[in-house]
Amino acid sequence: MKRVVTIDGPAGAGKSTVARKLADRLGWRLLDTGAMYRAVTLAALRDRLDLQNDQALGELAAKLDVQLPEGRVLLNGEDVSEAIRTVEVTQATRFSADSPSVRRRLVDWQRHFVESFREVVTEGRDQGTIVFPDAYRKFYLTASHDERARRRHAEFVARGVAISLETVLKDVIERDAHDSAREIAPMKAADDARRIDSTGLDLDEVVRLIEREILEPTG
Ligand code: C5P
């Protein structure tokens with residue numbers, strides 16, 4: 001049976017960690033859709049494109065080769081796993097995310113990815129609402145602003161990036177507001193998504209909770 005599990009939610013809610021651990025435990029493929037928007041943005045910044053130009057961004061996205069082998073992101077064969085997570089790319093990614101042409105292209109790509117694999121855990125903002133409305137199970141992961149900023153800040157620190165907690169908190173709040181207000185594919189929980197607030201929870205607990213729901217559906 002084909003099974004797609006979607007995990008949507010705001011920045012820093014723990015989606016990436018939870019989705020990766022869940023995919024590992026289940027032996028399913030992982031689809032990190034945020035990485036795709038980031039990769040398009042990195043390429044656009046390198047090409048010095050006008051980030052407000054939907055057509056130019058769409059044309060760029062159409063000719064890029066983005067691959068997601070286990071835990072890595074390849075852009076035209078180059079490993080950009082680190083390069084797509086800089087503060088500059090993080091902040092500029094809203095332009096790709098707002099671009100209807102980029103979204104069309106990436107949504108096609110995401111559906112194609114899922115066609116190629118039987119069981120997939122996918123994470124993003126619109127996976128349960130727009131991309132896979134018929135997913136097997138849907139989850140919407142949230143946490144308080146402060147907790148999400150702390151997690152994102154810890155990730156930056158672990159990578160040796162000097163940035164203050166206040167700056168990260170401001171970015172998290174701005175990105176949420178922007179992602180939720182977007183005209184196309186705004187970030188929101190699907191009506192049939194299970195909402196999980198991970199504030200104060202250990203992310204391993206969240207993984208086990210989701211795993212139980214997938215493997216022992218209560219109907
Ligand atoms: O999840 P991550 O922080 O890597 O996502 C980066 C940005 O990409 C988000 O802030 C959002 O604007 C955009 N995004 C999106 N739709 C998705 C995944 C990410 O618009 N499915």
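**Thr33**

I started with Thr33 and found it in helix 2, which covers residues 33-46. I kept in mind that this is a predicted model.

Is Thr33 buried or exposed? I looked it up: Thr33 has 2% relative accessibility, so it counts as buried, since the cut-off for buried is under 20%.

Next I checked what surrounds Thr33. Skipping its neighbours within four places in sequence, I got contacts with Gln110, Thr122, Glu123, Gly124 and Gln127. For Glu123 I also noted a polar contact: the side chain of Thr33 reaches the backbone oxygen of Glu123 at 2.6 Å.

**Gln127**

Gln127 was on that contact list for Thr33, and I followed it up. I found Gln127 in helix 6, residues 127-131. Its relative accessible area came out at 0%, so I wrote Gln127 down as buried.

Which residues does Gln127 touch, not counting those up to four places away in sequence? My list reads Thr6, Asp8, Thr33, Gln110, Thr122, Phe132 and Pro133.

Then I went through side-chain polar contacts of Gln127. One joins Gln127 to the side chain of Thr122 at 2.6 Å. Another pairs the side chain of Gln127 with that of Asp126, at 2.9 Å.

**A distance check**

Last, I picked Val89 and asked how many Å apart Gln127 and Val89 are in space.

Definitions and conventions
Residues numbered from 1 in each chain as written. Predicted model: local features only at pLDDT ≥ 70, side-chain atom pairs only at ≥ 80, totals over all residues. Heavy atoms only, no water. Helix = DSSP H or I, 4+ residues; strand = E, 2+ residues; numbered from the N terminus. Buried < 20%, exposed > 50% of the residue type's maximum accessible area, 1.4 Å probe, protein only. Contact = heavy atoms within 4.5 Å. Polar contact = N/O pair within 3.5 Å; in protein donor to acceptor, adjacent residues only side chain to side chain.
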